[in-house]
Amino acid sequence: MATEGQSEYESVLCVKPEVNVYRIPPRASNRAIRAADWKLDAPDWTGRMRVTARGKLAFVKLEDKISGELFAQAPVEEFPGITVETVSDSSRYFVLRIQDDNGRSAFIGIGFGDRGDAFDFNVALQDHFKWVKQEDEFTKQAQAPDTTPKLDLGFKEGQTITLNIGQSKKRDRSRPQSSGGFGLLPPPPGGKLAPPPASRSTNHNTQESAGVSDMGFLLDLDSSNSNSTWVEPPPNPTSTSSSDLWGDFDSVSPK
């Protein structure tokens, strides 16, 4: 796999200007590795680190700060894995398995003076192998035959479809009853509205017109009485007798 990656274009994932290298004791058991067991105050080598990628393979390269000469490199096929391991007591130190051109390998310790540099190194490897995993999934999906049944959405022979265009139901355009807010006042009891008050000139003209109409009515009555024949009513005996009674009292005069 390393031979296949060497023929592809190499991209740079991360560059850190200073990294310390430590010689670590051999691992006696499967217990977690501790950076406190190293000689942290006296690193065995200090230089620059570059993380590159060729295809699916990543490389951690330790180079000289000035000349850029390669000191050691570690080909990384997966992360996290045996090539790059974290320690149990610090986030700034890692165990790196380096390998030469003859295939010989050794474990060394590396450490950063800044936690931000250690974080960038960790994220660069994570992002690369996340991309590798996605590429593998896409390749498998492309090579795997599609066994799922396909959905047939076409029309069968003789099948028709009816479309109703422009025949939507009429909306109820009746004015909604307002439940609140500023509306019209309710009518007065009785169902009639009082007329607006009229001015004095209007009342005066109304009275004059009413008087003229009454006078005309009386004139009509007078004209009708003058044209008709007057008939003397028969004498009323009651009225005559009553006048005679008063005449008897009048004829008696005092002496």
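**A pocket, a hairpin and a buried valine**

The largest pocket takes up a volume of about 290 Å³. Here a pocket is an open set of points on a 1 Å grid over the protein atoms alone, with protein on both sides within 12 Å along at least five of seven lines; lining residues have an atom within 4 Å of a point. Grid points are joined across faces, edges and corners, and the volume is the space filled by probe spheres set on the points, the probe being 1.4 Å. Of the 16 residues lining this pocket, Pro25, Pro26, Arg27, Ala28 and Ile33 are the closest to its centre. Sorted by class, the lining has 10 nonpolar, 5 charged and 1 polar residues (nonpolar: Ala, Val, Leu, Ile, Met, Phe, Trp, Tyr, Cys and Pro; charged: Asp, Glu, Lys and Arg; polar: the others, Gly among them).

The model is predicted, with local features needing pLDDT of at least 70 and side-chain atom pairs pLDDT 80 or more, while totals for chains, interfaces and linings use all residues. Numbering starts from 1 along each chain as its sequence is written, and side-chain values use heavy atoms, with hydrogens and water left out.

As for the overall layout, the protein has 4 helices and 7 strands, which are DSSP runs numbered from the N terminus (helices H or I, at least four residues; strands E, at least two). Along the sequence they follow the pattern α-β-β-β-β-β-β-β-α-α-α. Of the 255 residues, 21% count as buried, meaning under 20% relative accessible area with a 1.4 Å probe, protein chains only. Among contacts (heavy atoms within 4.5 Å) with a separation of 6 or more, 55% come from residues 24 or more positions apart.

Strand 7 (residues 105-111) pairs with strand 1 (residues 10-22) in the antiparallel sense over 3 bridges; pairing requires at least two DSSP bridges between two strands. Strand 6 (residues 93-99) also runs antiparallel to strand 7, joined by 7 bridges. Ile110 in strand 7 turns up in both pairings: Val21 stands opposite Ile110, and Phe94 has Ile110 as its bridge partner. Strands 6 and 7 form a hairpin with 5 residues between them, and Gly103 in the turn has a positive phi of about 95 degrees.

Val87 sits in the loop between strand 5 (84-86) and strand 6. With a relative accessible area of 8%, Val87 is buried. Leaving aside residues up to four places away in sequence, Val87 touches Ile33, Ala35, Trp38, Tyr93 and Val95. Ala32 lies 55 residues from Val87 in sequence, yet their C-alpha atoms are 7.0 Å apart.

How values were computed: Buried means under 20% relative accessible area, exposed over 50%, partly exposed in between (1.4 Å probe, protein chains only).
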